[in-house]
Amino acid sequence: MRITNTPLLKRETLFLVILVVLLMYQAPGADAAEPPGLIEGARKEGSLMIYSLLAVPDHSRIVNRFKEKYPFIEVSLIRPGASERITTRVVTEARTGQHLVDVIGVSRLNMLYLIQRALVMSYDSPERQYFDPRFKDKKNYWTAFYVNPEVMSYNTRLVPPATVPKNYQDLLDSRWKGNLVLEQTAVEWFAALMQHWGEDKGLLYMRRLAGQNLKILNGNTLITQLIAAGEHPAAVALNGPRVELTKRRGAPIDWVALDPTVVDIVTLGIAAHAPHPNAAKLYLNFVLSREVQEGLLEDQFVKPSGRTDVKSAFMAKIRSAGVQLISVAEELGERYEKLFQQVFNVQ
């Protein structure tokens, strides 16, 4: 018996064709979301250089996912050190005419420093539309790679629950004299509180806090490890997600969000003279996507996202504390770094 092409069969065939086409366009990782010219340009460039703050083991997982999607791009990933060291390296290379880096990941204040020196290009990634306005600049120079609420942290074996500070005033109690650590590059934390409280009130508080004989140490990761090891009882302001991750791994460390809580932003931007601008744009689009922001940064690394469509367990805990979230205004500029160094005698 021979089957004839009935109208019903034609409709079913047409439906299947349409369904296949839709699935092709909606499939995760499909290149259809990127402009063909961008992909072809990146293919011709074939390389990408990244300077980033994110720990290399974590960032390498992002890079590997990117290379699975775009195997024709060879990626070099370097973590020169703290944000200030990355910034210095970018500036030094530019002065000597060595334009090596494509994608730059630094703190917001350091990104501002580079923007002021015309070392970052403006690029409006299509993924930026999903980010909270607080976590991207208006001129498309940077977008939040991830955000870091700064929290007061303590060793649970050394600090009884009843004595855990509940507000900034509690940090001035005599029991904390000589027992608090402050990170020597906590400029954004300092500047944001100064702006929030006003300079007169802010300076009065910061000088009283400095009178608590704080131990000034370098490196958020190191300080978190020292607190967890019981080398120091507590830290004034540490990278909250890092403390939370350390706690989840079983270390005797915990944290409390003081009101207001300062949110540092680790930004991503593209170098103004990027040797591989198309590959850089392709990478930025990928890193800012929900796939990476939620599936890796939030779920795997405990790095809260600035996207409005990504749910964060860490940020939910912060909000449940009822604290106000603040961040440093870009127009504050560099003078707060010098003031911070003067107040806390940072060399």
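The model is predicted, so local features are reported at pLDDT of at least 70 and side-chain atom pairs at pLDDT 80 or more, whereas totals for chains, interfaces and linings use all residues. Residues are numbered from 1 along each chain as its sequence is written, and side-chain values use heavy atoms, without hydrogens and water. Helices (H or I, at least four residues) and strands (E, at least two) are DSSP runs, numbered from the N terminus.

Two packed helices are described by the angle between their axes and the distance between the axes. Axes are lines fitted to C-alpha atoms, for helices over the stretch in contact, and angles run from 0 to 180 degrees between N-to-C directions. Angles under 35 degrees count as roughly parallel, over 145 as roughly antiparallel, 65 to 115 as roughly perpendicular and the rest as oblique.

Helices H4 and H5 pack at an angle of about 15°, and their axes lie 9 Å apart. H4 is therefore roughly parallel to H5. Their contact (heavy atoms within 4.5 Å) joins Ser 83, Glu 84, Thr 87, Val 90 and Val 91 of H4 to Asn 110, Tyr 113 and Leu 114 of H5. By class, this contact of H4 with H5 has four nonpolar, three polar and one charged residues. Here Ala, Val, Leu, Ile, Met, Phe, Trp, Tyr, Cys and Pro count as nonpolar, Asp, Glu, Lys and Arg as charged, and the others, Gly among them, as polar.

The second pair consists of H8 (residues 220–229) and H9 (residues 240–248), which pack at about 40° with axes 10 Å apart. H8 and H9 are therefore oblique to each other. On the H8 side, Asn 220, Thr 221, Thr 224 and Ala 228 meet Arg 242, Val 243 and Thr 246 of H9. The contact of H8 with H9 comprises two nonpolar, four polar and one charged residues.

Pockets and cavities come next. On a 1 Å grid over the protein atoms alone, a cavity is a set of points where a 1.4 Å probe fits but cannot get out, and a pocket is an open set with protein on both sides within 12 Å along at least five of seven lines; lining residues have an atom within 4 Å of a point. Grid points are joined across faces, edges and corners, and a volume is the space filled by probe spheres set on the points.

The largest pocket has a volume of about 960 Å³. Of its 43 lining residues, Ser 83, Glu 84, Ser 107, Asn 110 and Thr 185 lie nearest its centre. H4 supplies the largest share of this lining, seven residues.

The second largest pocket has a volume of about 400 Å³. It is lined by 20 residues, and Asp 58, Thr 221, Arg 242, Leu 245 and Arg 249 are the closest to its centre. H9 gives the most to this lining, with four residues.

There are two cavities of 30 Å³ or more. The largest cavity has a volume of about 100 Å³, and H4 gives the most to its lining, with three residues. The second largest cavity holds about 40 Å³ of space, and its lining has seven nonpolar, no polar and one charged residues.
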